[in-house]
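This briefing covers one protein chain. Please look over the sequence and the model before reading on.

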Amino acid sequence: MAGLCQTLLRRSVLRHSLTLTLSVLLSCCCPALGKKKLYIGALFPMSGGWPGGQACLPSAQMALDLVNKRTDILPDYELELIHYDSMCDPGEATKLLYDLLYTEPIKIVLMPGCSSVSTLVAEAARMWNLIVLSYGSSSPALSNRQRFPTFFRTHPSATLHNPTRVQLFQKWKWTKIATIQQTTEVFTSTLDDLEERVKEAGIEISVRQSFLTDPAVAVKNLKRQDARIIVGLFYETEARKVFCEVYKEKLYGKKYVWFLIGWYADNWFKIKDPSINCTVEQMTEAVEGHVTTEIVMLNPETVRGASNLTSQEFLAQLMSKLGGKNPEETGGFQEAPLAYDAVWALALALNKTVGPLKAKGHRLEDFNYNNRDITAEIYRAMNTSSFEGVSGHVVFDAQGSRMAWTLIEQLQGGSYKKIGYYDSTKGNLSWYGNDKWIGSGPPADQTVVIEEFRYLSQKLFVSVSVFAGLGILLGIICLTFNIYNSNVRYIQNSQPYLNNMTAVGCMMALAAVFPLGIDGLHVHRRQFPVVCQFRLWLLGLGFSLAYGSMFTKIWWVHTVFTKKDEKKDKRKHLEPWKLYATVGVLLGIDVLSLMIWQIVDPLHITVEKFTREAPKGDLDVLIQPLLEHCSSEKMNTWLGVVYGYKGLLLLLGIFLAYETKSISTEKINDHRAVGMAIYNVAVLCMITAPVTMILSSQQDASFAFASLAIVFSVYITLVVLFVPKMRRLITRGEWQSDAQETMKTGSSTNNNDEEKSRQLERENKELQKIIQEKEERVSELRNQLSERQALRSRRRASTVTNQNHSPPRNNCHTSRLQLLYK
């Protein structure tokens with residue numbers, strides 16, 4: 001293309017001086033020869049891929065005749081058309097362009113037809129400062145002002161369908177579409193423009209498919225990706241292939257809408273095509289209900305424009321000029337109004353330049369291929385064109401493309417029905433309201449997803465709440481009983497204040513059942529975090545009070561009764577404040593950890609999404625189950641810390657209960673019952689914690705497991721700790737004798753064993769004291785005996801003394817025996 005332009009330019013320079021000289025001579029020698037002629041170089045394809053010149057050339061000649069007869073338009077000039085047959089072939093058009101440029105006279109404007117020829121002519125025209133006005137080019141590529149700076153066209157760009165499509169998407173409230181295109185430049189450019197427009201309108205192209213010759217894979221992908229609103233860009237032959245595959249994939253019906261190009265033949269889907277294996281009936285079924293957009297090339301309104309003709313009068317004159325030819329067999333018949341209006345647009349623009357050029361000292365007849373000033377004036381006049389033509393209102397956008405109305409049709413019952421028009425220049429949609437749908441209305445642009453929250457079964461919630469309420473009532477009874485009988489010696493020996501803490505902790509744990517069952521069905525979403533806080537604090541503090549008080553008892557028993565023998569005397573000294581302090585430490589650890597948790601990483605509501613479910617019936621909807629959870633950013637970390645700490649307490653409690661199962665003490669007379677309660681609580685807690693985490697996505701199962709574990713733990717604890725005390729006081733009372741108590745079992749037997757043990761210890765001490773006294777007396781008597789034996793040896797010589805010594809010995813012996821058994 002660049003080589004062609006350079007060659008033509010060199011030849012133009014060579015001939016320019018001769019042309020200029022000839023023009024001067026003619027103007028000097030013939031100053032008054034009538035109207036001056038302005039020449040238009042045109043390429044009308046009379047044959048080839050698009051023989052649009054068959055109707056467009058007569059139409060242009062009709063316009064020239066009327067323009068030249070008008071005295072108010074270019075009164076001093078006459079327009080003359082010099083035209084050739086380009087055969088819609090760029091190669092042929094190159095040769096003809098050369099002839100137009102280097103053959104006298106000078107052409108002031110070039111008028112090509114089909115897009116491929118217009119691309120060649122428009123790209124070269126700027127080298128000769130020529131305006132190019134096309135009547136039959138629709139390629140979006142020609143809207144490039146940098147590449148084609150002097151190009152205009154009365155045939156709208158193929159992208160003009162896109163504003164209409166976007167308007168329809170918005171009318172039917174679609175925000176997601178899909179596209180399928182044949183891989184050619186014109187459709188790719190159109191789709192690129194559509195993508196930009198829908199993006200500005202907030203519409204998403206969710207699926208974009210393309211094909212070269214076989215659309216089977218592309219159609220399958222549309223089906224697989226749930227495409228509903230589909231824009232198809234392809235030629236008529238490929239359209240039959242596409243809809244044969246559409247029928248096979250069932251991508252039609254009340255759930256789908258197809259948007260196609262409107263310039264297909266009205267019976268395009270009924271034409272037998274050997275390249276497809278679908279019947280006419282199948283194709284008719286597949287295409288039913290699709291929507292087409294087509295550029296309006298004939299003004300639907302009865303108005304007289306610049307040519308003083310209505311569209312119907314124009315058609316009548318054109319039919320007369322064609323000599324009665326069948327319009328369907330005449331190439332370019334639909335585009336004929338565009339060629340007619342192209343001549344009028346040029347004439348009006350040239351007429352508009354006469355005054356400005358005269359003010360600058362120029363005339364239209366002075367135009368040559370080097371005169372940029374005249375070209376600039378013509379460009380400005382064309383760019384501001386606005387008039388009513390037989391094809392509608394003629395106006396050009398910033399890229400030189402025609403802005404026109406778009407006809408909207410829908411295939412209803414096998415034939416196309418007009419359902420509206422869209423004027424893209426004014427953004428006005430004229431709607432007839434006769435659109436018809438297979439379903440109850442326009443389908444959804446995607447499968448409608450209905451969000452549905454899963455809520456806890458109310459029957460389950462009420463049932464468990466009743467048990468929790470009865471448990472709280474039982475806790476109140478136990479607490480009242482313990483406080484009322486706190487002066488009874490038997491109750492005092494069970495550390496009633498710790499038992500009171502246990503009862504209060506059990507009631508708090510049961511109270512946590514209620515917020516555990518409260519969800520979005522009962523409270524607003526904004527209030528749900530408060531419910532989460534209640535769950536956490538009631539359950540955490542309830543556990544610390546109930547289990548902490550029991551753990552303190554069993555820990556004290558184990559600590560005291562496993563000391564060394566020399567320290568066992570200290571067992572009878574129990575300081576209650578140490579027990580309360582231990583419970584306070586456990587409770588303080590919980591309060592501190594919960595406060596840190598809520599300050600650093602507070603609980604908030606999170607929503608879990610499940611797999612979408614299809615409801616019963618032929619509904620184009622899916623159910624999106626949702627479930628609300630109480631959570632925080634590092635929920636697993638916090639749960640790990642809490643579960644780890646409390647799990648160690650539970651395991652340690654089990655160990656201490658096992659170690660102290662055979663110990664008896666009157667200071668804590670119910671420690672065996674406490675051990676039994678610890679066993680049950682520990683086992684239930686260690687099973688419940690991991691199971692509820694696994695079942696967290698099943699709201700009914702998770703709530704049932706957690707709440708029933710709390711209820712059972714509390715019931716077992718209250719019954720084991722308080723019911724035996726109630727039974728003892730109700731059935732026996734504290735006034736009964738020790739002898740009667742020894743006949744009983746259970747805790748009374750344990751108390752008698754302790755009393756016997758204490759009595760034996762006292763007797764043992766008394767006996768040890770007596771033995772020590774006797775041993776001291778025996779030692780004293782032995783000393784006296786040794787002294788008397790020494791005295792006797794000194795008196796051995798005296799016989800008298802020896803004879804008289806015997807009676808005293810007997811007396812001494814008698815006295816020693818008396819002293820021994822005194």
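The points below go from the whole chain to single residues.

The model is predicted: local features need pLDDT of at least 70, side-chain atom pairs count only at pLDDT 80 or more, and totals for chains, interfaces and linings use all residues. Residues are numbered from 1 along each chain as its sequence is written, and side-chain values use heavy atoms, with hydrogens and water left out.

**Overall make-up**

- The protein chain has 25 helices and 18 strands; these are DSSP runs numbered from the N terminus, with helices (H or I) of at least four residues and strands (E) of at least two.
- Of its 822 residues, 46% count as buried, where buried means under 20% relative accessible area, exposed means over 50%, and partly exposed lies in between (1.4 Å probe, protein chains only).
- The accessible surface of the protein chain comes to about 41200 Å², and 57% of this belongs to carbon and sulfur atoms; areas come from the Shrake-Rupley method with a 1.4 Å probe, and for residues only the protein chains shown count as cover.
- Among contacts (heavy atoms within 4.5 Å) between residues at least 6 apart in sequence, 73% join residues at least 24 apart.

**Nonpolar cores and surface patch**

- The largest nonpolar core has 77 residues, and Leu79, Met111, Leu133, Leu350 and Leu364 touch the most other members. Such a core is a set of buried Ala, Val, Leu, Ile, Met, Phe, Trp, Tyr and Cys residues joined through side-chain atoms within 4.5 Å.
- Helix H11 (residues 336-359) supplies the largest share of this core, twelve residues.
- A second, separate core of 56 residues includes Ala178, Leu222, Trp258 and Val291.
- Not counting residues up to four places away in sequence, the contacts of leucine 364 include Leu38, Leu74, Tyr77, Leu350 and Ile374.
- Leucine 470, in helix H13 (residues 458-484), is partly exposed because its relative accessibility is 44%.

**Annotated transmembrane regions**

- An unreviewed UniProt entry lists "transmembrane region" for residues 460-485, 497-516, 536-556, 577-600, 637-658, 678-697 and 703-723. UniProt positions are given in the numbering used here, feature names are shortened, and annotations may be inferred rather than shown by experiment.
- Residues 536-556 are 100% helix and 0% strand, with end C-alpha atoms 29 Å apart.
- Residues 577-600 are also 100% helix and 0% strand, and their end C-alpha atoms lie 34 Å apart.

**Salt bridges**

- The structure holds 19 salt bridges, each a side-chain nitrogen of Lys or Arg within 4 Å of a carboxyl oxygen of Asp or Glu.
- Aspartate 590 pairs with lysine 646, the closest N and O atoms being 2.5 Å apart. Aspartate 590 lies in helix H18 (residues 576-600) and lysine 646 in helix H19 (residues 635-659), so this pair ties together parts that are 56 residues apart in sequence.
- Aspartate 590 is buried at 3% relative accessibility, and lysine 646 is buried at 12%.
- Arginine 380 forms a salt bridge with glutamate 377, with the closest N and O atoms 2.4 Å apart; both lie in helix H12 (residues 372-383), three residues apart, about one turn of the helix.
- In that pair, arginine 380 is partly exposed at 42% relative accessibility, whereas glutamate 377 is buried at 7%.
- Asp192, Glu195 and Arg208 are linked in a network of salt bridges.

**Backbone features**

- A cis peptide bond joins glutamate 104 and proline 105, with omega about 0 degrees; proline 105 lies in the loop between helix H3 (90-102) and strand E3 (107-111).
- Aspartate 226, a residue other than glycine, has a positive phi near 60 degrees and sits in the loop between helix H7 (216-224) and strand E8 (229-233).
- Asparagine 308 has a positive phi of about 65 degrees although it is not a glycine; its loop runs between strand E10 (291-295) and helix H10 (311-322).

**Two buried residues**

- Cysteine 244, in helix H8 (residues 236-249), is buried with a relative accessible area of 1% and touches Ile276, Asn277, Cys278 and Met283, not counting residues up to four places away in sequence.
- Threonine 717, in helix H21 (residues 699-731), is buried at 2% relative accessibility. Its contacts, not counting residues up to four places away in sequence, are Thr502, Cys506, Met550, Ala677 and Val681.
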